[in-house]
Amino acid sequence: MISSNVKMAIIGAGTWGKNQAQIYNAHPFAETVAICDANLSKAQAVAQELGIPQVYQDYHEMLEKSGCDAVAIVTPDYLHAEMTIACARAKKAVLIEKPLATTREDVQRMVNAIEENGVRVMVDFHNRWSPPFNAAYTAVRAGELGELYSGYFRLNDIKWVATDLLPWAQSSILWFLKPRLDTLRWIFGSEVERVYCVSRSGVLKGLGVDTVDEYLTTLEFKNGAIAHMENGWITPNANPCVNDIKCNLLGTKGMIAIDASNHNLIQKYTDEKVEVPDVIVQNHIFGQPKGFAFESIRGFVDGLYTGKDFPLTLYDAANTSLTILAIMESARARVPVEVSGLYEV
């Protein structure tokens, strides 16, 4: 529990780092005291726009001098490990943009450092704050569907995400969209025991982005449930929404169907294009960040300020990363793979 405003520092001055600074500045019990980026001019520009008093190019220096209580790591996924370990050793709470890490070794090193230093950590799996998915979770836990038997989850992005939005898209769509695996683990209330995945490449490589186009994965949970997960980023750019999100949950006594991309709340039509404005995920009302992807970040501050548990644990994030690694191994080998090394949640 922190008795005064939570002093937040941010590593990463890209789009989402700027979003986070706005969220902390809008929170009644938080403030952004420092921002750091290897590109110092980017950090300076965000700091000047949002009134952030301290700017750094070296995050080690920021940890030593800024006086922050907590750090938000908003960098490409493969950079999370060393930064998180440094924050833990500096006794700073940490919010990590998904994923936790992209290798088994990094997951273990990060968990060890966090446990040894007793710091609070949350990974930003914002889908737990999504109204339709949170409602589905509540219905499942209330027994309205009976025993949850099977599921299907599709989350695809348009090509622009890989070709233009993310300069580091060579990583993987699985890491970028991994909150959806966490969503299934959360709703099914079980860890994944075995995965079988196939993938296909070619479209994005032809556009100069060296990454897999799409993955189709079958998940077998320890409680007997099964689910199919589809992830790709080659949906045509003309799709009205950046994301194509569909989910079905089948129980022994009922079913839930979610269409989170074509919500039909508002459409805009002009002579040039059709748009479905985002009024759910990252929208602003009277200049304030209000979408559910912002609520998860506010939830991190709330947990630090009140001392209450976060809605997900470090081990949720670790197990999600370990399961993704098994999926990628299965896609390479074209055989089922057992998920190993899971932590107790």
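# Talking through a predicted model

Colleague: Is Asn19 buried or exposed?

Modeller: A residue is buried under 20% relative accessible area, exposed over 50% and partly exposed in between, using a 1.4 Å probe and protein chains only. The relative accessible area of Asn19 is 10%, so Asn19 is buried.

Colleague: How far is Asn19 from Phe294 in space?

Modeller: Along the sequence, Asn19 and Phe294 are 275 residues apart. In space, their C-alpha to C-alpha distance is 8.2 Å.

Colleague: Let's step back to the whole chain. What share of its residues counts as buried?

Modeller: The chain has twelve helices and 17 strands. Its C-alpha atoms fill a box of roughly 55 × 55 × 40 Å along the principal axes. Of its 345 residues, the share that counts as buried is 53%.

Colleague: On to the rings. How are Phe133 and Phe153 arranged as a pair?

Modeller: The structure holds seven aromatic pairs. The ring centres of Phe133 and Phe153 are 5.2 Å apart, with the planes at 5°. Rings of Phe, Tyr and Trp (its six-membered ring) pair with centres within 6.5 Å, and planes under 30 degrees apart are stacked, over 60 edge-to-face and the rest tilted. The angle therefore makes the pair of Phe133 and Phe153 stacked.

Colleague: How many residues apart in sequence are the parts that this pair ties together?

Modeller: Phe133 belongs to helix α6 (residues 131–141), while Phe153 belongs to strand β7 (residues 148–158). Phe133 is buried at 2% relative accessible area, and Phe153 is buried at 1%. Because one partner is in the helix and the other in the strand, the pair ties together parts whose separation in sequence is 20 residues.

Colleague: Which ring does the charged end of Arg120 sit over?

Modeller: A charge sits over a ring when NZ of Lys or CZ of Arg is within 6 Å of the ring centre and within 35 degrees of the ring normal. For Arg120, the distance to the ring centre is 4.2 Å, and the ring belongs to Phe310.

Colleague: Which elements give two or more residues to the lining of the second largest pocket?

Modeller: A pocket is an open set of points on a 1 Å grid over the protein atoms alone, where a 1.4 Å probe fits, with protein on both sides within 12 Å along at least five of seven lines; lining residues have an atom within 4 Å of a point. Arg120 and Phe310 are among the lining residues of the second largest pocket, which also include Ile114, Glu115, Leu314 and Tyr315. The elements giving two or more residues are α5 (104–117) and α12 (314–333).

Colleague: What is the phi of Phe286?

Modeller: Phe286 is in the loop between β15 (284–285) and β16 (288–289). With a relative accessible area of 86%, Phe286 is exposed. Although Phe286 is not a glycine, its phi is positive, at about 50°.

Colleague: And what is the phi of Arg334?

Modeller: Arg334 sits in the loop between α12 and β17 (337–338). It is partly exposed, at 40% relative accessible area. Arg334 is a residue other than glycine with a positive phi, near 60°.

Colleague: How far apart are the C-alpha atoms of Lys273 and Pro240?

Modeller: Lys273 is in the loop between β13 (268–269) and β14 (274–275), and its relative accessible area of 46% makes it partly exposed. Along the chain, Lys273 and Pro240 are 33 residues apart, and their C-alpha separation is 8.8 Å.

Colleague: Last one: what separates the C-alpha atoms of Leu166 and Phe176?

Modeller: Leu166 lies in the loop between α7 (159–165) and α8 (173–176), and it is buried at 10% relative accessible area. Leu166 and Phe176 are ten residues apart along the chain, with their C-alpha atoms separated by 9.8 Å.

Terms used. Residues numbered from 1 in each chain as written. Predicted model: local features only at pLDDT ≥ 70, side-chain atom pairs only at ≥ 80, totals over all residues. Heavy atoms only, no water. Helix = DSSP H or I, 4+ residues; strand = E, 2+ residues; numbered from the N terminus.
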